[in-house]
Amino acid sequence: QVHLVESGGGLVQAGGSLRLSCAASGRTFFSYTMGWFRQAPGKEREFIAAISWSAGNTHYADSVKGRFTISRDNAKNTMYLQMNSLKSEDTAVYYCAAGRTFTIYDYWGQGTQVTVSS
């Protein structure tokens with residue numbers, strides 16, 4: 001089992017940057033595919049980015065490609081999301097997840113709020 005805790009959210013001006021972290025408990029963190037999702041008010045949760053267990057493969061939603069970078073440090077049981085050139089439409093609660101593939105996730109964090117002011 002994996003317990004996930006996100007941090008790093010906050011208020012930032014448009015054009016600014018934030019780095020989110022996802023700390024995981026459990027010895028098998030290294031074996032999971034990890035992903036970031038977000039949910040804006042009144043909208044469904046959407047996929048943002050994912051990274052394979054070895055960090056050899058990454059995948060991004062078109063809406064964030066070129067602006068966000070996903071990474072992980074298996075030695076620290078932590079995943080990151082570097083967000084640059086933030087836009088007001090990036091405002092949402094951001095969630096990290098651990099799963100078996102890029103499309104199947106079994107564990108979720110509680111979320112961290114990101115607010116981008118224009």
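Predicted model: local features only at pLDDT ≥ 70, side-chain atom pairs only at ≥ 80, totals over all residues.
## Arg72 and its contacts

The side chain of Arg72 makes a polar contact with the side chain of Asn74, at 2.8 Å.

Arg72 belongs to strand E7, which covers residues 68-73. Leaving aside residues up to four places away in sequence, Arg72 touches Phe29, Phe30, Tyr32, Thr33, Met34, Ile51, Ser52, Trp53, Ala55, Thr78 and Met79.

## A buried charge without a salt bridge

Which side chain of opposite charge is nearest to Arg72? That side chain is Asp73, 8.3 Å away. A salt bridge requires a side-chain nitrogen of Lys or Arg within 4 Å of a carboxyl oxygen of Asp or Glu. Arg72 is buried and has no salt bridge.

## Salt bridges elsewhere

Side chains of opposite charge can pair when their charged atoms come close. The whole structure contains 5 salt bridges. Arg38, Glu46, Arg67 and Asp90 are linked in a network of such bridges.

Arg38 counts as buried because its relative accessibility is 5%, whereas Glu46, at 33%, counts as partly exposed. Asp90 also forms a salt bridge with Arg38, and here the closest N and O atoms are 2.9 Å apart. This pair links distant parts of the chain, 52 residues apart: Asp90 is in the loop between strand E8 (78-83) and strand E9 (92-99), and Arg38 is in strand E4 (residues 33-39). Asp90 has 0% relative accessibility and therefore counts as buried.

Another salt bridge joins the side chains of Asp106 and Arg100, at 2.7 Å from N to O. Asp106 counts as partly exposed at 33% relative accessibility, and Arg100 counts as exposed at 58%.

## The chain as a whole

The protein chain has 11 strands and 0 helices. Its C-alpha trace spans about 40 × 25 × 25 Å along the principal axes. The radius of gyration is 13 Å, which agrees with the value near 13 Å for a compact globule of 118 residues.

Of the 118 residues, 45% count as buried. Among contacts with a separation of 6 or more, 55% are between residues 24 or more positions apart. The chain exposes about 6,100 Å², and carbon and sulfur atoms supply 48% of that area.

Note on methods:
Residues numbered from 1 in each chain as written. Heavy atoms only, no water. Helix = DSSP H or I, 4+ residues; strand = E, 2+ residues; numbered from the N terminus. Buried < 20%, exposed > 50% of the residue type's maximum accessible area, 1.4 Å probe, protein only. Lys, Arg positive; Asp, Glu negative; His and termini not counted. Polar contact = N/O pair within 3.5 Å; in protein donor to acceptor, adjacent residues only side chain to side chain. Contact = heavy atoms within 4.5 Å. Rg over C-alpha atoms; globule rule 2.2 N^0.38 Å. Areas by Shrake-Rupley, 256 points an atom, 1.4 Å probe, with all protein chains shown as cover.
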